[in-house]
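Okay, thanks for coming, everyone. Let me put the structure up and we can walk through it together.

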Amino acid sequence: MITTYLLVIVVLPIAALLWESHKGGLHAFWQIVSSPEAQSALKLTFGTAFVVVVLNAVLGTVTAWVLVRDEFRGKSLVNAVIDLPFALPTIVAGLTLLALYGPQSPIGAHVAFTRGAIVLALCFVTLPFVVRTVQPVLLELDVEMEEAARSLGAGQLAVFRRIVLPNILPGILSGVVLALARALGEIGSIVVISGNIPYHTEVASVFIFNQIQSGYPEYAAAVATVLLGAAFVLLLAIGVLRFFATRHERA
Amino acid sequence: MPRRLGLRAVALGYLVVILLAPLGMVFYRTFQSGLEPVWQTLSDPDTIHAFRVTLIATAIAVPLNTVFGVLCGLAIVRRRFRGKGLLNAFIDLPLAVSPVVIGLCLYLLYAPRGGWFGTWLAEHGFQVLFAMPAIVLATIFVSVPFVAREVIPTLRELGNEQEQAAATLGAARWQRFRRITLPSIRWAVIYGVVLTTARCLGEYGAVAVVSGRIEGSTETATTRVEDLTLTFNTAGAYAVSLVLATIAVLVLVAMTVIRPREENA
């Protein structure tokens with residue numbers, strides 16, 4: 001029964017997409033994907049997603065560290081606020097960023113309708129991933145190991161690089177993969193702040209949307225298949241990471 | 001200590017720049033010109049209708065995906081069957097795939113001209129695309145994983161000794177589920193339901209593709225926000241956003257309250 005449900009709700013629609021995108025043969029598919037507008041949208045999508053994921057890998061780890069190891073007033077509030085991007089509708093997230101960083105910015109930080117705006121929006125929606133995957137690992141991590149290293153004369157950086165980082169790396173990586181998946185497919189927060197200018201600030205998801213609206217579903221399907229392929233690869237990566245993360249539990 | 005303060009400043013500074021300052025700005029902008037425009041938008045029949053469409057879709061998707069999530073969790077944790085890995089992967093798929101791609105998939109299935117089922121359905125007088133059924137299908141699709149993802153780890157931790165004990169004492173299957181399993185996974189289910197609801201209410205990408213966004217008919221709350229923005233009714237867009245943001249904050253409060261219980265249960 002659950003298989004039927006999943007089949008009707010999820011699998012069948014995906015099958016329709018794959019069929020549509022390969023209906024005209026591999027050659028037609030390739031021609032659409034390599035068209036200049038599709039190319040520029042895909043490059044922009046993967047490029048910005050990569051930048052954002054690196055940013056959030058660093059800042060997300062710092063945030064997780066502060067939430068676990070630091071003590072200050074209002075920490076539990078900060079901890080709760082981290083999940084806000086999960087709870088907030090993406091279109092509201094976009095509008096929210098537009099209010100502060102748009103043309104009517106009260107601080108003069110007008111970045112809307114540029115590629116920087118896309119990075120900003122993606123930082124917003126992918127913020128929780130790395131924090132939430134690193135935080136539990138840091139909580140479990142034994143401080144004694146670090147103290148031992150320090151007593152043997154290791155500096156702060158050496159302790160972090162040799163002891164903390166290897167332990168939290170799987171956490172960071174799974175957060176990065178989840179964030180990457182999210183960033184590649186994001187539309188709601190981008191659509192109001194990026195301006196969606198073809199060849200400049202039009203990301204792949206917006207390209208797909210515009211092609212459907214103008215009655216070219218086969219163009220949309222080809223680019224969507226690329227995104228779908230990326231999603232499958234990332235799902236596989238999550239599976240592999242999960243396998244390694246639980247390796248010692250099974251052994 | 002300065003290093004510690006430095007890290008704290010970086011983390012909090014980032015949160016303020018990305019999250020809190022923009023959100024505060026929306027509150028300020030919404031009420032900047034008084035309550036009148038806010039009220040005007042929120043009492044507009046098209047806005048009310050948009051919220052109703054969103055609520056109907058959510059009210060259908062959440063119970064379906066809750067039942068599915070619990071059954072799926074039980075199957076994945078307790079049963080051995082072929083294709084389990086595949087099932088596990090397909091549950092996560094809606095999290096990894098762009099909502100626009102999901103919308104396109106449904107479009108290709110249900111388009112009245114050329115869709116796999118759409119053509120047949122149109123001949124028999126059913127319109128799925130650009131109507132309520134498509135909005136519901138899109139909402140269900142994007143919110144499939146949440147309950148299952150919360151229930152699976154809890155069921156793993158739980159083990160099945162208690163149920164086996166109950167079975168040897170003569171408890172029937174349904175009795176075991178109702179008296180033992182369900183109470184143990186209760187908080188995980190509730191947490192999953194909260195996440196599912198938030199996702200349903202906030203869905204934009206997939207719904208934007210399949211709903212047709214007809215004012216007062218198939219427009220949802222989120223597409224309404226975009227349409228108000230595009231027609232330069234900024235105050236109206238902020239007002240609708242504020243309602244959605246308030247719901248998000250309530251969801252956040254619920255998450256904060258429920259999570260410790262889920263972890264202790």
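Quick definition before anything else: I call a residue buried if 20 or more other C-beta atoms lie within 10 Å of its own, exposed if 12 or fewer, and partly exposed in between, with C-beta atoms placed from the backbone. Now, this is a predicted model, so local features need pLDDT of at least 70, side-chain atom pairs count only at pLDDT 80 or more, and totals for chains, interfaces and linings use all residues. Residues are numbered from 1 along each chain as its sequence is written, and chains are lettered from A and ligands numbered from 1 in the order in which they are written.

With that in hand, look at Phe232(B): 9 other C-beta atoms sit within 10 Å, so this residue is exposed. Phe232(B) isn't a glycine, yet has a positive phi of about 60 degrees.

Tyr199(A) also has a positive phi, about 70 degrees, without being a glycine. Tyr199(A) counts as exposed because there are 11 C-beta neighbours inside 10 Å.

Okay, chain A overall. Of its 251 residues, 47% count as buried. The C-alpha trace spans about 65 × 55 × 35 Å along its principal axes.

Now the interface. How many residues of chain A are in contact with chain B? That's 60, against 63 residues of chain B, where contact means C-beta atoms, placed from the backbone, within 7 Å. The chain A side divides into 49 nonpolar, eight polar and three charged. Here Ala, Val, Leu, Ile, Met, Phe, Trp, Tyr, Cys and Pro are nonpolar, Asp, Glu, Lys and Arg charged, and the others, Gly among them, polar.

How values were computed:
Two residues are in contact if their C-beta atoms, placed from the backbone, lie within 7 Å.
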